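Biologist: Hello! Could you walk me through this model, starting from the strands and ending wherever you like?

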Amino acid sequence: MSHLIRLFIFLPLISFGQSYEPKSINFDEIDLAAPMSIPLILSGNFGEMRGNHFHSGLDIKTEGVVGKKIFAIEDGYISRVRISPWGYGKAIYIDHPNGLTSLYAHLSRFPAAVDSIIYAQQKKQESHTIDEIVLTDSIFVKKGDLIAFSGNSGSSYAPHLHFEIRETVTEHALNPLLFNCYRKMISDKRPPRLSGVKFYAITPEGYMIPGKTKYFSCQEKAGKWVINNNQPIDLSSLVTENSKLGIGFHTTDKLDAANNVCGVHHTTLLKDDIQKHEQQIDYIDFEHNRFLNSHQDYWAFKQEKKNIHKHFSTIINPLEIYPQNDGKINWTEAAGNYSFTAKDVHGNSIMLQFTLTAPSNEAKPNPFNSNNRYFFPDSVNTFMKEDFQLLIEPACFYEPLQVIYRVDSSNKYLSPTYQFGEYSVPVQRKFDVRIKVPENLPEDFPLYKIGIGLISDRGYLSFKGGDYVDGWIESAIRGFGTYTLVVDTIAPVIKPLDFNEGKTITKYRTLEMAIDDNLSGVWTFKSYLNDTWVLTIYDRPKQRYIIPLDERSKPLLKKGNNTIRIFAEDGKGNEREVSYTLIY
Ligand SMILES: [Zn+2]
């Protein structure tokens with residue numbers, strides 16, 4: 001398909017290339033308190049590149065332990081509470097009158113007043129996991145009030161506080177170190193580091209041309225960063241039909257008090273003293289945050305753990321972090337003197353200068369024009385076979401995808417396996433996958449219990465849901481790889497761990513269970529003590545379900561026989577309910 005047609009389809013569906021707009025917040029004047037009273041030492045900073053996203057806050061160390069006091073940074077009220085085994089874990093949001101929202105995550109527990117509004121929501125929804133905008137019964141806090149205790153909840157792998165500041169109206173996350181008050185509390189005199197420079201042949205749309213790259217590692221010599229021993233660089237081997245030059249920089253930063261690798265704040269690329277490209281990560285729009293996969297060279301990250309900031313972008317990249325975005329250089333204009341600078345938010349900076357020679361003009365064939373079939377991210381892509389179909393809207397993935405298709409009927413699943421693309425290819429959002437239901441199934445086969453499984457390179461199958469529609473199973477899935485049909489008719493299995501029928505639990509502080517599902521996973525779980533709902537917590541690290549016997553549940557216990565009833569449901573609506581008599 002020609003580029004013109006692709007663009008035509010693409011334009012009405014997604015806005016892209018949004019221009020960089022600095023926030024009109026008075027970062028110098030606003031005076032905010034520290035969220036903790038211990039020295040603020042960072043294990044992660046704002047904008048550093050993580051798997052699939054730019055980090056949207058500061059990770060503050062908590063001396064390796066949980067339970068440090070967390071304080072409100074400004075007057076305000078609790079506007080949102082979230083409790084989840086994943087992501088932010090236990091988190092609260094405070095809206096402030098100055099137009100900012102502060103967010104504190106991975107917490108362990110809350111003071112009684114905060115805990116009671118959270119529990120009220122959990123009780124109302126009969127769920128441990130909640131994410132609620134708090135409209136009524138909110139709590140007003142004063143700057144410096146104790147609001148929580150630090151922890152290690154959710155997707156956290158060591159105790160720390162994840163601290164964010166957002167602009168309330170847009171919900172954009174702001175770089176907390178743009179605020180003068182926090183730059184004073186968190187000192188940094190160390191400049192960024194530059195590990196290497198990568199040159200790319202790219203298409204006019206900014207896509208990396210496979211195999212057409214050249215990497216140079218950097219050395220620091222007498223305070224100056226150099227590549228290629230300061231000799232001019234010849235990139236003739238990269239010149240490809242219908243291509244341009246793009247440059248990426250593997251650059252990171254560390255702050256004074258810790259050795260954790262953080263991200264840089266601001267980088268520029270100049271050619272012959274004219275600025276070609278500039279990046280500055282001041283704020284994050286969560287709608288676009290996953291486009292990190294387009295901003296960085298994702299293969300270099302996946303295969304070599306290198307965080308390479310590309311100083312050019314594809315036409316589907318909507319990130320608002322490029323004050324100047326002119327990094328696609330014509331080969332005929334590539335020769336010249338370049339300089340690259342990287343700066344942290346405290347103003348420490350480094351510079352690299354290098355020279356490119358004029359490349360010879362013999363352009364090599366462009367693989368995108370070969371017989372291999374590619375899907376381009378800026379098109380609508382469809383793949384239609386008799387028993388396997390895909391419909392992929394624009395901006396679902398980031399780089400041209402070579403069409404790889406393999407069918408294997410010699411397996412244990414309900415249908416053949418269909419491999420399309422590679423499991424390791426990052427995907428921005430879901431697209432439609434359809435697999436035809438085999439015709440030889442018995443008449444009473446539970447068609448509505450069939451779903452699509454996506455099998456990883458290691459052979460692990462994850463259940464991706466799906467609906468039965470006219471002989472097909474359809475599901476929206478965020479991922480390429482090997483798809484197949486599986487059927488889930490088996491309800492979760494509930495297994496008590498520290499109690500059983502007739503157990504005396506007078507001295508117990510918790511009741512613990514394992515709940516396992518064979519395929520689609522445990523979607524809902526609830527417990528009732530003498531027919532009244534009681535909180536059941538999913539402890540993800542221990543993979544246990546825990547009913548605390550505390551001041552909330554204990555008053556429900558009667559002397560003598562009590563009944564605990566536990567309910568679980570999987571992703572295909574298979575339900576299990578068990579009950580036990582417990583003596584108190
Ligand atoms: Zn964090």
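Biologist: Which residue in β37 does Y418 stand opposite?

Modeller: A word on the source: this is a predicted model, where local features need pLDDT of at least 70, side-chain atom pairs count only at pLDDT 80 or more, and totals for chains, interfaces and linings use all residues. Residues are numbered from 1 along each chain as its sequence is written, and side-chain values use heavy atoms, with hydrogens and water left out. Strand β31 (residues 417–420) and strand β37 (residues 481–487) pair in the antiparallel sense over three bridges, where pairing takes at least two bridges found by DSSP and strands are DSSP runs (E, at least two residues; helices are H or I, at least four), numbered from the N terminus. The residue of β37 opposite Y418 is Y483.

Biologist: Thanks! And which residue of β31 is the bridge partner of D408?

Modeller: Strand β30 (residues 405–408) pairs with β31 in the antiparallel sense, over four bridges. In β31, the partner of D408 is T417.

Biologist: Are the residues that point either way from β31 buried or exposed?

Modeller: T417 and Q419 point one way, and Y418 and F420 point the other way. Buried means under 20% relative accessible area, exposed means over 50%, and partly exposed lies in between (1.4 Å probe, protein chains only). By that scale, all of T417, Q419, Y418 and F420 are buried.

Biologist: Which residues do ring pairs link into a cluster with Y418 and F420?

Modeller: Rings of Phe, Tyr and Trp (its six-membered ring) pair if their centres lie within 6.5 Å; planes under 30 degrees apart count as stacked, over 60 as edge-to-face and the rest as tilted. Besides Y418 and F420, the cluster holds F375, F383, F388, F397, Y405, F431, F480 and Y483.

Biologist: Where does F397 sit, and is F397 buried or exposed?

Modeller: F397 is in the loop between β28 (388–392) and β29 (401–402). F397 touches I316, F375, F376, P377, N381, I392, P426, Q428 and F480, not counting residues up to four places away in sequence; contact here means heavy atoms within 4.5 Å. With a relative accessibility of 0%, F397 counts as buried.

Biologist: How many aromatic pairs are there, and why is the pair of Y77 and F140 tilted?

Modeller: The count comes to 30 aromatic pairs. For Y77 and F140, the ring centres are 5.9 Å apart and the planes stand at 50°, so this pair is tilted. Y77 belongs to strand β6 (residues 76–83) and F140 to strand β10 (residues 140–141), 63 residues apart. As for accessibility, Y77 is partly exposed at 32%, while F140, at 68%, is exposed.

Biologist: Which arginine lies over the face of Y119?

Modeller: A charge sits over a ring if NZ of Lys or CZ of Arg is within 6 Å of the ring centre and within 35 degrees of the ring normal. R109 lies over F149 at 4.0 Å from the ring centre. Over Y119, at 3.9 Å from the ring centre, lies R552.

Biologist: Which residues are the protein donors of the zinc ion?

Modeller: Donors are N, O and S atoms within 2.8 Å of the metal (3.2 Å for Na, K and Ca), and sites may look incomplete, as water is not among the atoms. D59 lies in strand β4 (residues 58–61) and H162 in strand β12 (residues 160–167), so the pair ties together parts that are 103 residues apart in sequence. Both D59 and H162 are buried. At 2.0 to 2.2 Å from the zinc ion, the donors are H55 (NE2), D59 (OD) and H162 (ND1).

Biologist: In the open sheet of four strands, which strands stand at the edges?

Modeller: The order is β38-β40-β44-β43, with antiparallel pairing. An edge strand has a single partner, so one side of it is left without a neighbour in the sheet. The edges are β38 (493–496) and β43 (537–539).

Biologist: And is β40 largely enclosed, or left open?

Modeller: β40 (residues 510–516) pairs with β38 over four bridges, and with β44 over four bridges too. Five of its seven residues are buried, so β40 is largely enclosed by the rest of the structure.
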